[in-house]
Amino acid sequence: MRTDDFWRLIDEARAGAGGAPDAVAARAVALLAARDPAEILGYAQHQQRVLAASYTVDLWGAAYLINGGASDDGFEYFRGWLMTQGRAVFARAVGAPDSLAELPQVRAAALSGEEFECEDMLAVPWDAYRKATAADLPTDRDPVPVPNLDDFWDFDDEDAARQRLPKLAALFVEPPVE
């Protein structure tokens with residue numbers, strides 16, 4: 001599956017989901033399950049590449065600030081939610097995690113405390129394959145290497161957050177008293 005096909009399917013799922021991440025995931029399962037099993041495998045491989053590309057320290061820091069913390073699983077689920085936002089938002093966030101501060105729902109979360117996760121989006125290829133074939137998705141594919149996160153920083157360090165993610169820090173870290 002090509003990159004454009006992957007994101008086109010997600011856009012189609014978004015179109016009828018009313019913006020709810022779990023609804024996007026459910027629609028993506030239905031849309032993908034209607035395709036040939038080889039395409040489902042291609043989607044799964046592409047999803048692995050997308051998740052590997054988004055496995056960055058500063059995006060993890062952004063998830064940590066926005067959600068008030070992010071474990072390994074929490075960061076995975078955050079990236080699942082990020083996929084439900086579509087290609088443009090996803091790509092921009094991967095390249096510049098601080099750009100998430102410009103999303104209206106993220107700005108609102110600074111006041112409401114809403115967290116952004118979508119574990120169901122990560123299961124789309126498995127659920128679609130099972131629905132289409134009544135079998136489990138084969139796991140004998142070549143794994144996609146995950147980047148090494150050597151430049152990890154302390155996400156609880158407010159000064160580091162302000163330096164690395166200034167827009168998000170302005171929303172989610174208490175501003176210094178002057």
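**A patch of negative charge and its surroundings**

Modeller: In this predicted model, Glu115 has a relative accessible area of 48% and is therefore partly exposed, since that term covers values between the 20% limit for buried and the 50% limit for exposed. Glu115 is found in the loop that runs between α7 (104-112) and α8. On the surface, Glu115 belongs to a patch of negative charge, together with Asp22, Asp72, Asp73, Glu117, Glu119 and Asp120. Two elements, α5 (72-84) and α8 (119-122), each give two or more residues to this negative patch.

Ala25 sits in helix α2 (residues 21-33). Its relative accessibility is 3%, so Ala25 counts as buried. Although Ala25 and Val124 are 99 residues apart along the chain, their C-alpha atoms are separated by 6.4 Å.

Phe155 lies in the loop between α9 (124-133) and α10 (158-164), and it counts as buried because its relative accessibility is 10%. Leaving out residues up to four places away in sequence, Phe155 touches Val57, Trp60, Gly61, Tyr64 and Leu65. Phe155 and Asp136 are 19 residues apart along the chain, and 37 Å separates their C-alpha atoms.

Terms used
Residues are numbered from 1 along each chain as its sequence is written. This is a predicted model: local features need pLDDT of at least 70, side-chain atom pairs count only at pLDDT 80 or more; totals for chains, interfaces and linings use all residues. Side-chain values use heavy atoms; hydrogens and water are left out. Helices (H or I, at least four residues) and strands (E, at least two) are DSSP runs, numbered from the N terminus. Buried means under 20% relative accessible area, exposed over 50%, partly exposed in between (1.4 Å probe, protein chains only). Contact means heavy atoms within 4.5 Å. Patches are made of residues with over 30% relative accessible area and no salt bridge: like charges are joined within 9 Å, nonpolar side chains (Val, Leu, Ile, Met, Phe, Trp, Tyr) within 5 Å. Accessible areas come from the Shrake-Rupley method with a 1.4 Å probe; for residues, only the protein chains shown count as cover. A salt bridge is a side-chain nitrogen of Lys or Arg within 4 Å of a carboxyl oxygen of Asp or Glu. Lys and Arg count as positive and Asp and Glu as negative; His and the chain ends are not counted. The place of a charge is taken as NZ of Lys, CZ of Arg, CG of Asp or CD of Glu.
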